[in-house]
Amino acid sequence: MKRITTIIATTFVIANTLMATTTTSRASLNLLLRRSPPKLRNSKFFSSSSSCQFRPSTLPKSYPCPIWSSSFSFCLPPRSTSTSLPFRHFSSSPPSMSSAIAAAASSSVSDESLLSSNPLLQDFDFPPFDSVDAEHVRPGIRALLQHLEGELEQLENSVEPSWPKLVEPLEKLVDRLSVVWGVINHLKAVKDTPELRAAIEEVQPEKVKFQLRLGQSKPIYNAFKAIRESPEWSSLSEARQRLVEAQIKEAVLTGIALDDEKREEFNKIEQELEKLSHKFSENVLDATKKFEKLITDKKEMDGLPPSALGLFAQAAVSKGHENATAENGPWVITLDAPSYLPVMQHAKNRALREELYRAYLTRASSGDLDNTAIIDQILKLRLEKAKLLGYNNYAEVSMTMKMATVEKASELLEKLRSASWGPAVQDMEDLKSFAKSQGAEESGSLTHWDTTFWSERLRESKYDINEEELRPYFSLPKVMDGLFSLAKTLFGVDIEPADGVAPVWNSDVRFYRVKDSSGSPIAYFYFDPYSRPSEKRGGAWMGEVFSRSQVMAQKGTSVRLPVAHMVCNQTPPVGDKPSLMTFREVETVFHEFGHALQHMLTKQDEGLVAGIRNVEWDAVELPSQFMENWCYHRDTLMSIAKHYQTGETLPEEIYKKLLAARTFRAGSFSLRQLKFASLDLELHTNYVPGGPESIYDVDQRVSVKTQVIPPLPEDRFLCGFSHIFAGGYAAGYYSYKWAEVLSADAFSAFEDAGLDDMKAVQETGQRFRNTVLALGGGKAPLKVFVEFRGREPSPEPLLRHNGLLAASAPA
């Protein structure tokens, strides 16, 4: 039942790697090998001998499983007890907000009037994001948990090893909690307040207790085993067999096989890990918000482009400097990505770059916000959890639900590291030579706060491309129009605005309807594009709101439609200008849309394996990274690159330069991601909490082979590494690289068909939709890939795309 409980655990969110960018860009995180040593030129990493099992236990619902779940169109009969709440269904038709708790008077959970008006407990078609406040969390969650406890007891008493008596009622039960918890968890990520935090923190242990109770239900576990052992097993669909196998495996990973004493210990660990994860995330957000630098001297802003100055002045106005202007200031700089990155790229003031770099690399590492002890405790508890379950380390636990094994993941990372090292060393030599040619005093001692600045100058010189001069060609409205046009070409879907159909949490949020070729709606999604440092966590992610499900269909409909949300943190509009995007921000939108497509275009009717649910975590980045390739496709890029004032299309010569610059410093960017992935695996395999090495010692040791410039002794990047300490990527960060092999090979199918052949592109796109996007977690990802590509994956396309040559690296 772990898959069930992870869906409840948090809102499944697929995050990109922007949080990891300190001296690199979003684009840099998507570069991988084009060439590699001969040993890498085969498919052995993806052979059928790999452990194609299930997703990580940390892979949940707000970090990744997808999703937040759904609305329910069903309600089990209320129990005849005084604590039962007569919930009505959540539907999937257009919004209505009628009360779902007319009979709440019998509840002893809270005051009757408060419950009856609580938006979390109302009948809604789309979540009431606009009306949920912190005051609704405690009574709403407690009332819901009390009701679900009764339903779980009823299910356990009546369960039978059959789909109607086991899987269907279980999915309905899970759906109720996941949608409500999803609402508050999402609001915490995009509209954070101290009151909301405190409320969630208070009820979170109660929610975790219930999900553990559900995950460790012996009657449910035994019923799943009975289905697998029944004569009807062979006649079940592959999707249903995968679902059953997943529940059995994950029940074991939830501690169901432990004796009472050990299970109690396991449950305490799970409670504490959940608490620590949330605290880690809050500390990162608070530390990021805490840093502000007010600048009044224009000389200190030398080199920064008008777009950045406008953003900084806008931030100053929001901080009370009413007369701030882009030209004359004052300016406020923060550690939020749209503010931090322009400084690192363009500020001639080296001292300012150093100050920001040190502030970013030491976020959440001191005072009340120090994450050091939290990391130690998380790693200690994860190891204890692994030992209780009979594993040697936490990485082994994580890999039971992935395509790879620890050995195969490590082998792939080492092959890529070896091939990236030489080019990365050459990248640094090129940078030093260029800085010297420009008369830079620091040319002989370039360090961390210099590399991004001089990389931009070298890129401008080598390719005659100025990223800031490209911004006017990438306005958000045009980018979205082009993205939707591409979706129509490849997958035959139409996307149209549906603002007003669903409540939103911020006036900048857009709502869209997805329709098939017949004009019928098949999905919906929210899009929250802009950075809001005061209340919204950094990075970009996709999350599930409702999953596709036959069980959750309303009367008169055959299936409940999926709903997603896409959240980014890009540059907001400044003055009367629309949001003018960097090319990296364009890639990020395409990336998250790829995740959303897999969620929305699934054809799986089994809700527990629809979309991204039950997809092995190291394959889940395939659609997202696949979509990024289209940013370099000429017709696609030209369709979005229109000057926001003149309508002029991006000049052909600039497109060619942009294409040529795609592999600029590819070795450095690849090596950086490999450092993160290698450090993640090392901490979850060989690191001994409380041993002679500290987490920072491990970081320094791993960096010897993965960083050309050694990290600073005071580097505390780990304190902000949310992906592995507050997300779903623990012992799984390598997945970005693993899936990039898959995504590059998938895109090569379009290259083989002919990117200029519209008919061939459309046919290949339909095949991609009918396999990778449609089959969800109902079929093993390797089988899905073979069904699309006609063969097992090969690293060759990735090596070709990125152009890295094999080179020697330190042993």
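**Close-up views of a predicted model**

**View 1. Asp464, the residue that follows helix H15.** Asp464 is exposed in this predicted model, its relative accessible area being 55%, which is over the 50% cut-off for that class. The residue sits in the loop that joins H15 to helix H16 (467-470), and its phi is near 55 degrees, a positive value in a residue other than glycine.

**View 2. Helix H15, residues 448-463.** The 16 residues of helix H15 reach 23 Å from the first C-alpha to the last, which is close to the 22 Å expected at 1.5 Å a residue. H15 is mostly covered, with 14 of its 16 residues buried, whereas Asp464, which follows the helix, is exposed.

View 3. Is Ala731 buried or exposed? With a relative accessibility of 0%, Ala731 counts as buried, because buried means under 20%.

**View 4. Asp745 within helix H25, residues 735-753.** Asp745 counts as buried, at 0% relative accessibility. Leaving aside residues up to four places away in sequence, Asp745 touches Phe785, Arg789, Arg791, Glu792, Pro793, Ser794 and Pro797.

**View 5. The cis peptide bond from Gly329 to Pro330.** Omega for this bond is near 0 degrees. Pro330 belongs to the loop between H9 and strand E3 (331-333).

**View 6. The largest pocket and its lining.** The largest pocket holds about 490 Å³ of space and is lined by 22 residues, of which Ala315, Ser318, Arg532, Pro533 and Ser534 lie nearest its centre. Two or more lining residues come from each of helix H8 (260-290), helix H9 (306-318) and helix H10 (337-346), and the largest share, 5 residues, is given by H9. Sorted by class, the lining has 9 nonpolar, 7 polar and 6 charged residues.

View 7. Where pLDDT is low, the predicted coordinates should not be read in detail.

How values were computed:
Residues are numbered from 1 along each chain as its sequence is written. This is a predicted model: local features need pLDDT of at least 70, side-chain atom pairs count only at pLDDT 80 or more; totals for chains, interfaces and linings use all residues. Side-chain values use heavy atoms; hydrogens and water are left out. On a 1 Å grid over the protein atoms alone, a cavity is a set of points where a 1.4 Å probe fits but cannot get out, and a pocket is an open set with protein on both sides within 12 Å along at least five of seven lines; lining residues have an atom within 4 Å of a point. Grid points are joined across faces, edges and corners, and a volume is the space filled by probe spheres set on the points. Helices (H or I, at least four residues) and strands (E, at least two) are DSSP runs, numbered from the N terminus. Ala, Val, Leu, Ile, Met, Phe, Trp, Tyr, Cys and Pro count as nonpolar, Asp, Glu, Lys and Arg as charged, and the others, Gly among them, as polar. Buried means under 20% relative accessible area, exposed over 50%, partly exposed in between (1.4 Å probe, protein chains only). Contact means heavy atoms within 4.5 Å. The expected span of a helix is 1.5 Å times one less than its number of residues.
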